[in-house]
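This briefing goes with the structure shown below. It is meant to be read alongside the coordinates.

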Amino acid sequence: MNLRVVGANLVVSIKIFYREKTAMFFTTTFPILLILVFGTIFMDRDKVSFNLCVQDLDQTETSAEIAKTLALTGKFKITRVDPAIDATQYAKNNKVNIVLIIPKDYERSYTQYLQFDDPNAFVTITYVYDPSSSSVVAKMQILDMVFARMNQGLSGKPSFVRTAEISIHTREYRFVEFFIPGIIAMAVMTASLFGTVNVNTELRQKGIIRKLSTTPITHTDWILSNILYQFILAVISTTAMLVVSYAVFDVKLRINAWLPLFIVLDVFTFVGIGMILTRIVKEAQSATAAANAIMFPMMFLSGSFFPLEMMPGFLQKFARTLPLYYVNEGLRASMVFNDNLTALSYSAIIGTFAAMVFIVGIMATKWEEGT
Amino acid sequence: MTTEVEHAIEVENLKKLYGNLVAVDDISFNVRQGEVFAFLGPNGAGKTTTVEIVDTIRRPTSGKVRVLGMDVRKEKRDIVPRIGVLPQGFSSFDRITVRETMQYYSRLFCLRNADIDGLMDLVNLKDKAKEQYMKLSGGLKQRLGIAIALVNNPEVVFLDEPTTGLDPRARREVWEVLLGLKKEGKTVFLTTHYMEEAELLADTVAIISRGKIIAMDSPAQLIESNADNLVLTLHPVDEKAFEVVWKMGFEPVLNNHKNINVRVERTDDIRKILNALKDAGASLLSMDVRKPNLEQVFLKLTGEALNDGASGEKGVE
Ligand SMILES: Nc1ncnc2c1ncn2[C@@H]1O[C@H](COP(=O)(O)OP(=O)(O)O)[C@@H](O)[C@H]1O
Ligand SMILES: [Mg+2]
């Protein structure tokens, strides 16, 4: 190994990276865009609150209680509708999918029910709704639940069966926080795999590899400088993604030694796979196609973008055969869930795999043509 | 510099097979210290295969190859710092400038004091030092390739078709650089399919065809020993002339400019051919008679024309 030679390679690679604008885009701008787009889409996932329009025809203190109770559940943002206008027309005009109408005489019927214990005293609350809207069912279910509890409360007895919600995570995580480790793992994979495949096939086609084989540079120097270069790129893009995540989405992630470790393993794994691919697939175009064929299943089936629990069982099992899965889940374990044990076991799995692929990759890299 | 070995390159019974294809068929030759040695032959003759075995890029199937007294199979690591190579169709990193490229290769050889400016001067690239490789013309790219091949001040330089694909002016500029090397006394192993190039630069020319060396000598000697005839070149208007000459029992060969070359033994034959053409009404735009050059030597020895690789035309026998 010769550090001067490794340094010379790094200088050239970084200059090319800096001068080649598409490479810059795919390692920094693209992952940041992904985080911005997906982060914005899923920002509200963790605190669901529905819009609800309420038209109070009674206009009494008692009827106002209903709107307050609904707001207190935390599930609704209440908009008041002028009692003078037609609710159906209002819903149509304002593209509102549900309007809840509190009838006139609400207070009178309520007093009658409570004071005179009149079983015939009741009120009807009307939902004016648009059945073609997808969220309306969820809203009506929540409303039914709230009203059922109210009725129960009025009947005087405390309910016997109660429910409580306890998250298994000590701290509630937000979806954006869950999503970011997946994007980091994916961005590093993409850069390492394509970087290796592109550089190697291009240099081979240009005959630079043949030229290099007549200089004192060794395979070890060459591969080492590639790995270092990819690691530098990974650090740049990870830093960029984290800065954006903190600045825009105010995420709270744990950043410790696990992060660089998983990034190194991610780099080794996919540089290794890239080296094997370049050996097997000679044509530059087919090599890119092969890299795509490896990358897309990894991206979508290893749980980079969404929790694996959302997928059918056989796909969950399949995900566990993908190397990127262990980087995703290992990074999440350390950055989101503070679960060092899982991080440790997953780093061991991906570490073993990385070592194997990388050794095969080194053996597959050949400079002399023919036999 | 090592002076113990008389021969910079020694090749003995070299054979190279690609599957069943015999690319290099049992050839032997030596290259003396300080000489320019040229492999002259058409595309597919086995030039690149041979030169890349000697400069350690490829491995021989069998035979003995020594560079500066060292075995190419076993002593690659010791050979590499002492040779300089311009591979066929050389290219470099698109977005790296001329000077940066030179610096890169000099660092690969771990040289602290490579004379990068002197080399850029030698190949006339000084005013292009800050130009990115992709912006250079074909001739400049080749000259940079030659400068890179010289960056470690090698004892033996390998140049595989250094002027192929260049226009005549760019080619002449590369030749000037190579003549400079020759004056410096560097050992150069050159391959080419341009006979002018071999004739101009080489001390020794080996004519190679289908993996075999069929003649090897100085250009003058090669011409001398094969100059038992004259070459009549006809530039005809139509195809009639070819037929006329053919029917007379000569062996006309069409070359790449649609000229007809005919080998004749006596000046009397020339008179006969011209008369026959006149009788047949086949008119000529021009004609000339020459003593043979390497092109005709090649033609005589192989029965094939040494055509420009790009045009891909074959001689008609
Ligand atoms: N790597 C290779 N694999 C298989 N055949 C090859 C390879 N390189 C060259 N050949 C074949 O060997 C012969 C000699 O090729 P080459 O040495 O490139 O000739 P030249 O340099 O004189 O044009 C040709 O028929 C060519 O097709
Ligand atoms: Mg060749």
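The notes below cover the interface, one chain as a whole and one residue position.

The model is predicted. Chain B and chain A bury about 3,000 Å² between them, and five salt bridges are counted between the two chains. Chain A is more spread out than a compact globule, so its radius of gyration of 30 Å is well over the 21 Å that the globule rule gives for 371 residues.

**Interface between chain B and chain A**

- The contact draws 34 residues from chain B and 26 residues from chain A.
- Of the roughly stated total of about 3,000 Å² buried between the two chains, 55% lies on carbon and sulfur atoms.
- B:I57, B:R95 and B:L108 together supply 20% of the area that chain B buries against chain A, which is more than any other three residues.

**Polar and charged pairs across the interface**

- Chain B and chain A share five salt bridges.
- One of the salt bridges joins the side chains of A:K15 and B:E100, at 3.4 Å from N to O.

**Make-up of the chain B side**

- Helices α2 (76-79), α3 (98-108) and α5 (138-149) of chain B each supply at least two residues to the side that touches chain A.
- The largest share of that side comes from α3(B), with five residues.
- By class, the side of chain B that touches chain A has 15 nonpolar, seven polar and twelve charged residues.

**Chain A as a whole**

- Chain A contains 14 helices and four strands.
- The radius of gyration of chain A, 30 Å, is well over the 21 Å from the globule rule for 371 residues, so the chain is more spread out than a compact globule.
- The C-alpha trace of chain A spans about 105 × 45 × 35 Å along its principal axes.
- Of the 371 residues in chain A, 46% are buried.
- Among chain A contacts between residues at least 6 apart in sequence, 79% join residues at least 24 apart.

**B:V297 in chain B**

- B:V297 lies in helix α11 (residues 294-302) of chain B.
- B:V297 counts as buried because its relative accessibility is 1%, against a cut-off of under 20%.
- Beyond its neighbours within four places in sequence, B:V297 is in contact with B:I207, B:L222, B:I223 and B:N226.
- B:V297 and B:A215 are 82 residues apart in sequence, and their C-alpha atoms are 9.5 Å apart in space.

Conventions:
Residues numbered from 1 in each chain as written. Chains lettered and ligands numbered in written order. Predicted model: local features only at pLDDT ≥ 70, side-chain atom pairs only at ≥ 80, totals over all residues. Heavy atoms only, no water. Contact = heavy atoms within 4.5 Å. Buried area = accessible area lost by both parts, 1.4 Å probe. Salt bridge = Lys/Arg side-chain N within 4 Å of Asp/Glu carboxyl O. Nonpolar A, V, L, I, M, F, W, Y, C, P; charged D, E, K, R; others polar. Rg over C-alpha atoms; globule rule 2.2 N^0.38 Å. Buried < 20%, exposed > 50% of the residue type's maximum accessible area, 1.4 Å probe, protein only.
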